[in-house]
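Biologist: Please put the structure up. I would like to go through the terms and what stands behind them.

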Amino acid sequence: MSEAVEYDVVVLGGGPAGENVVDRTRAAGLSTALVESELIGGECSYWACVPSKALLRPVLARADARRVPGLAGAVGGPLDTAAAFAHRDYWTGNWKDDGQVDWLESIGAHVYRGHGRLYGVRKVSVSSPEGEHHVLSARHAVVVATGSRAVVPELPGIAGARPWTSREATSARQVPGRLLIVGGSVVASEMASAWQGLGSQVTVLVRGGRLLPRMEPFAGELVAEALREAGAVVRTGVAVEAVVRDGPAGPVQVVLEGGEILEGDELLMATGRAPRTEDIGLDTIGLTPGDWIPVDEGCRVDGHDWLYAVGDVNHRALLTHQGKYQARIAGAAIAARAAGTSALDTGAWGAHAATADTGALPQAVFTDPEAAAVGLTLAEAERAGHRVRAVDYDLGKVSGAGLYADGYRGQARMVVDLDREVLLGATFVGPGAAELLHAATIAVAGEVPIARLWHAVPAFPTVSEIWLRLLETYRG
């Protein structure tokens with residue numbers, strides 16, 4: 001190989017997690033190279049968080065408007081799909097990353113376009129699409145931030161059926177007349193809300209018993225209820241055995257267990273994620289290609305004091321905001337070690353520990369109604385051995401919710417650790433409920449005592465008054 005170009009830090013993967021590592025290491029004065037084979041900004045910017053929310057925004061805004069007296073009659077017609085797609089395209093930069101590259105170069109980072117592979121300790125090779133080859137070495141750290149990809153199960157006929165994954169679902173330029181969605185995850189639920197609202201006839205096929213299985217049961221139940229009211233079909237406890245599609249433009253059929261056949265114009269497989277580690281040279285350092293990369297609380301790879309993994313690839317929390325959080329933690333740890341700091345702050349909630357991944361993990365699902373949760377569900381808390389109490393309240397009974405929308409339907413729950421009287425988790429489901437999440441995240445991460453939360457007075461008449469109602473219910 002040619003002589004290596006040396007940097008303090010080399011980052012594999014230019015999604016949000018990788019970009020945030022670069023930001024932190026450059027702020028600490030460390031020379032940093034970033035390697036990316038696709039678009040700088042990654043899955044979130046072009047095929048996930050950003051385009052999906054851009055598509056969902058007009059759907060949710062119309063749903064909200066239809067619940068407001070004096071406005072409902074003005075928003076009865078179909079959405080302007082061309083405008084919705086243009087809005088989506090604007091927020092993805094029309095799938096161009098010039099702005100992201102300009103920012104990286106403005107902070108002094110070096111960007112390498114191409115496929116990066118480890119080939120030993122602190123060494124990375126880069127093969128560009130133009131056939132160029134670069135060899136990089138890292139004085140202090142290599143960070144893997146290559147993310148994850150959608151998994152399509154190996155069903156009979158699936159290859160010829162050309163199913164959508166999350167990428168096609170967020171970048172499509174036409175509304176399918178009939179959309180079949182397999183899965184009950186966040187992607188399945190959000191894309192069902194989006195495409196039903198944009199004009200598709202959506203059918204959701206869930207192997208399990210409900211949508212959003214990792215949240216409190218009422219979350220998936222309320223989302224499914226609203227989807228059905230919007231005209232979608234939601235079926236639980238069903239399994240797909242095969243897929244059939246004749247010709248490039250013909251309809252697609254799914255064969256269910258038992259032989260029932262359903263037909264649609266497109267098929268979205270929202271059936272999980274896998275790490276993008278199959279061809280990044282993990283075998284050259286004793287790790288298994290295609291596996292998730294195990295890390296410690298500071299996101300350093302077990303047994304490799306120079307190697308870090310942040311974002312989806314470490315399987316701690318497959319959420320963009322958590323990947324960025326991990327990147328800030330890892331960047332701080334790399335900078336501290338490069339400066340010769342002998343003892344890092346790696347205890348719970350320390351500067352070099354990503355404790356929130358397990359202690360206060362927030363997630364917002366932008367369905368109609370929105371579902372937002374942080375920390376542990378009741379079932380998770382009980383399995384972990386905590387002595388807990390779930391406190392529930394009908395979110396629609398809060399004055400602010402009633403003013404927000406006629407017939408507001410929602411639910412709130414907080415999970416209280418009875419021994420310490422702090423919150424272990426909270427869940428809110430209802431229109432606009434995602435904006436309630438950060439207050440709950442602060443309460444959980446800060447382990448704020450219930451007695452002190454009583455003095456955090458919510459403004460009247462806001463939906464946030466749900467906090468007062470939950471606390472009153474807990475205190476009896």
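Biologist: What does Val204 touch, not counting residues up to four places away in sequence?

Modeller: Val204 touches Ile181, Gly183, Ala192, Leu211, Val233, Val234 and Arg235; contact means heavy atoms within 4.5 Å. This is a predicted model, where local features need pLDDT of at least 70, side-chain atom pairs count only at pLDDT 80 or more, and totals for chains, interfaces and linings use all residues. Residues are numbered from 1 along each chain as its sequence is written, and side-chain values use heavy atoms, with hydrogens and water left out.

Biologist: Which residues have the most contacts inside the largest nonpolar core?

Modeller: They are Ile181, Trp195, Val202, Val204, Leu211, Leu212 and Leu268, in a core of 37 residues. A nonpolar core is a set of buried Ala, Val, Leu, Ile, Met, Phe, Trp, Tyr and Cys residues joined through side-chain atoms within 4.5 Å. Elements that each supply at least two residues of this core include α8 (186-198), β9 (201-206) and α9 (217-229). A second, separate core has 30 residues, among them Ala426 and Trp467.

Biologist: Why is Cys44 called buried?

Modeller: Buried means under 20% relative accessible area, exposed over 50%, and partly exposed in between, with a 1.4 Å probe and protein chains only. Cys44 has 11%, so Cys44 is buried. Cys49 has 27%, so Cys49 is partly exposed.

Biologist: How many disulfides does a search of the whole structure find?

Modeller: The search finds 0 disulfides; the criterion is a pair of cysteine sulfur atoms within 2.5 Å.

Biologist: What makes β11 and β12 a pair?

Modeller: Two strands pair if DSSP finds at least two bridges between them. β11 and β12 (residues 252-256) have 5 bridges in the antiparallel sense, so they pair. Strands here are DSSP runs (E, at least two residues), as helices are (H or I, at least four), numbered from the N terminus.

Biologist: Why do β11 and β13 count as edges?

Modeller: The open sheet has the order β11-β12-β13. β11 (240-245) and β13 (261-264) each have a single partner strand, so one side of each is left without a neighbour in the sheet.

Biologist: Which strands does β20 join by bridges?

Modeller: β20 runs antiparallel to β19 (residues 388-394), with 7 bridges, and antiparallel to β21 (residues 422-430), also with 7 bridges. Met414 in β20 stands opposite Val391, and the bridge partner of Met414 in β21 is Ala426. In β20 (residues 411-417), 6 of the 7 residues are buried.
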